[in-house]
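Let's explore this structure together through a few questions.

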Amino acid sequence: MLIVLNGKSHECPARTTVAELLEATGFAQRRVAVEVNRRIVPRSRHAMQNLEPDDRVEIVHAIGGG
């Protein structure tokens, strides 16, 4: 299925969860914020939130610094 990930088309298997997408894209162990169709998905729901075709997903990686 096709979704839009951070502004670019991205192919992923049907019924992919946010957690699976994070794993596949290398963000699973990082501190990230995830938005699906302009709605924040809490970390506690990543494994339950299924993606649908044409969903718009934004992943923002927190970077520390000072």
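**Loops, sheet and core**

Tutor: Happy to start with a loop: Asp54 sits in the loop between β4 and β5. Keep in mind that this is a predicted model.

Student: Is Asp54 buried or exposed?

Tutor: Asp54 has a positive phi of about 70°, although it is not a glycine. To count as exposed, a residue needs over 50% relative accessible area. Asp54 has a relative accessible area of 61%, so the word for Asp54 is exposed.

Student: And how does Asn37 count in terms of accessibility?

Tutor: Asn37 is found in the loop between β3 and β4. Its phi is also positive, about 55°, though Asn37 is not a glycine. The relative accessibility here is 38%, so Asn37 counts as partly exposed.

Student: Which strands stand at the edges of the sheet?

Tutor: Five strands form an open sheet with mixed pairing, in the order β2-β1-β5-β3-β4. A strand with a single partner has one side left without a neighbour in the sheet, so the edge strands are β2 (8–11) and β4 (39–41).

Student: What is the bridge partner of Val34 in β4?

Tutor: Start with the two strands: β3 and β4 pair over three bridges, in the antiparallel sense. Within β4, the partner of Val34 is Val41.

Student: Which residues have the most contacts inside the largest nonpolar core?

Tutor: That core has 15 residues. Two or more of them come from each of β1 (2–5), α1 (18–24), β3 (32–36) and β5 (56–61). The residues with the most contacts inside the core are Leu51, Val57 and Ile59.

Notes: Residues numbered from 1 in each chain as written. Predicted model: local features only at pLDDT ≥ 70, side-chain atom pairs only at ≥ 80, totals over all residues. Heavy atoms only, no water. Core = buried A, V, L, I, M, F, W, Y, C linked by side-chain atoms within 4.5 Å. Buried < 20%, exposed > 50% of the residue type's maximum accessible area, 1.4 Å probe, protein only. Helix = DSSP H or I, 4+ residues; strand = E, 2+ residues; numbered from the N terminus. Pairing = 2+ DSSP bridges.
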